[in-house]
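Let's take a walk through this protein model together. Have a look at the picture before reading on.

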Amino acid sequence: MLSQNSFLTGQLSAPCWFVGSMTGGADQTNRFIDEGLWEHDFDDNSRVLAQVRSMQTGERIAIKAAYIKKHGLDFETGGNTVSVMAIKATGVIAENMGDGRRLRVHWQRVSPPREWYFYTYQPTIWKVTPGDWKTDALIDFAFQNKPQDIDRFRNDPYWRERFGTDPKEHKRFRWARFYQAIADGLVTHAADRGRLIAFLQELQPSVENLDLLSGDQFADGSKGFIQDIDPFTLFGLFNRGIKDSNRRAIAAALAQFLGVEEALPESFEGIPVLNNQKSWFFPYAKNRDPAQIEALWQVFQSGLSLADADTEQAIERFSRDFDAAMGYFGVAWNLTFGLYWCRPWCFLSLDERSRSYTRSYISEKLRLTIGRNGPKHRCSAADYLQLIESLKQRFEEPDFSVHSFPDLSLEACSYTASGTDTDDDESADDEAAVSEVDDTPVVEPVIPLTPCGIDDILADGCFLPPNELERILRRLRDKKNLILQGPPGTGKTWLAKRLGMALVGHLVQEPQLRSVQFHPNLSYEDFVRGWRPTANGGLALHEGVFMQMVKGALEHPRQTHVLVIEEINRGNPAQIFGELLTLLEGW
């Protein structure tokens, strides 16, 4: 009896796995159940392989299918789409093959599949650990056949603005439904923009503030009406510094053209607007790369796909398109709020007009880092998506100050930053390389920075191939920690320091990049914090190197700080890290 109870306790405290069933482009649920197995076809995805290898015999597993729904639900959605996860089978892992690809599973079909709402996950493998009310509810739903408490999820701070049972709760951002519908309507014009241009030409004489469309300059020296347009510039026509009445007039005409039935916004709170002097996401035709507008349409479409289906393939496509578009003239930080307009519940706005407030709010108030590993020291797709994921997790915390991207955008506009944002590159864009030092007071000269990236590491003599270095850096950005293993004298410390500089983006020294060597006698008091005797016979609290770096990071939240630990295997982790062992891994 004791052993049975122990087994049951262990099973209830162990993680549960929710996995997809699409391989080879087809749903394999029936085959998996009939053959008593589960497998995937992500042969080159090291993260997925590691996840599968970590699955243990006896742990519970379920086959899921994640998607979104807007109609046919048993609760009021306010016109918003709802994330859904259908549970199609449940089981227990009988054997892990150890190859990172295949499992033996005792399956039990769930017929018909049961639909779970709100708290879902699109990627193929989701590890769910008991202990939080959301995870406990999901596990009980999937494996104990218990019903979902829909109202509790609807009224959770993260979902309340869209789905709350109190109608007053989700009135602030009603504009989001209209904006999303406009984006959906524009998708149908991605391949052929001729009708869009004709519509704009017809609209211009009858509506104010559209003169900017006649200001294009062509290679033959002539000027005239634009001959092509991207979706973000089109959105910007009613999201500039113009009167709300004009914004509504332009938005209404566009909605009628696109067949949008959602009501016009009553207010535009929480919506970033373009600088009237920089309302295009592209340069004049005479200077424009012919591929630029097409690239903007591509990132627009892949952004919508990612918002609707957060799969590995959607992430990869969006990341490629985002990084490509970010490098073009006239795009810059504006790309992030173009995405925010299209899917405000899914994307973060770091708009160029108000980003000094937004970024200060994120870094100073929320204590989150905005990565700068993209073109011209702006964020890359990896930086952007990492920040989005970090914020989404914080949004779910009841005591967090904001609970959605519209909420954050609105709060950031009224936030008073502690200093001046010194990286304003509105006028620089592609015409000059921008050298910047975050948090440098305006009374001090800007120190020229020496860039450091993968090419620089290779030029210094690194023998690893570029794709391996990129993979290592990506893992370091995602997980925040990295262990280099190898024989003595092979250059681990040398590479660790250069990877740290590449993470920062330029050559740095203390206090941004520091190193410490572990040894058997090193203690928590040495590394983190502890009391030390003073000369007068008293005790003083001494800050170890770890807390010194933490304080530096808090004082300069826009800077990246890297700690290199040498000989980590010689130290006693429990003795040195203490409770930090459970806190160091990145979310």
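This is a predicted model: local features need pLDDT of at least 70, side-chain atom pairs count only at pLDDT 80 or more; totals for chains, interfaces and linings use all residues.

Residues are numbered from 1 along each chain as its sequence is written, and side-chain values use heavy atoms, with hydrogens and water left out.

Let's start with the aromatic rings. Rings of Phe, Tyr and Trp (its six-membered ring) pair if their centres lie within 6.5 Å; planes under 30 degrees apart count as stacked, over 60 as edge-to-face and the rest as tilted. That rule gives 40 aromatic pairs. Take phenylalanine 318 and phenylalanine 322, a tilted pair at 5.6 Å centre to centre with 45° between the planes. Both sit in helix α12 (residues 312–326), four residues apart, about one turn of the helix. Helices here are DSSP runs of H or I with at least four residues, strands are runs of E with at least two, and both are numbered from the N terminus.

(Buried means under 20% relative accessible area, exposed over 50%, and partly exposed in between, using a 1.4 Å probe and protein chains only.)

Phenylalanine 318 has another partner: its ring and that of phenylalanine 347 have centres 5.6 Å apart and planes at 25°, so this pair is stacked. Here distant parts of the chain are linked, since phenylalanine 347 lies in the loop between α13 (334–342) and α14 (355–365), 29 residues from phenylalanine 318. Phenylalanine 347 is buried too, at 3% relative accessibility.

Elsewhere, ring pairs tie residues into a cluster whose members include Phe75, Trp116, Trp133, Tyr158 and Phe405. To count, NZ of Lys or CZ of Arg must be within 6 Å of the ring centre and within 35 degrees of the ring normal. Arginine 247 does likewise over the ring of phenylalanine 268, at 3.9 Å from the centre.

How many disulfides does the structure hold? Zero, taking a disulfide as a pair of cysteine sulfur atoms within 2.5 Å. Cysteine 379 is buried at 1% relative accessible area, and cysteine 462 counts as buried at 11%.

Now for the backbone. The peptide bond from serine 111 to proline 112 is cis, with omega near -5°, and proline 112 belongs to strand β7 (residues 102–117). Alanine 332 is not a glycine, yet its phi is positive, about 50°. You'll find alanine 332 in the loop between α12 and α13, buried at 5%. Glutamate 567 also has a positive phi, near 55°. Its place is the loop between β14 (562–566) and α22 (573–577), and at 38% relative accessibility glutamate 567 counts as partly exposed.

At 55% relative accessibility, tryptophan 531 counts as exposed.
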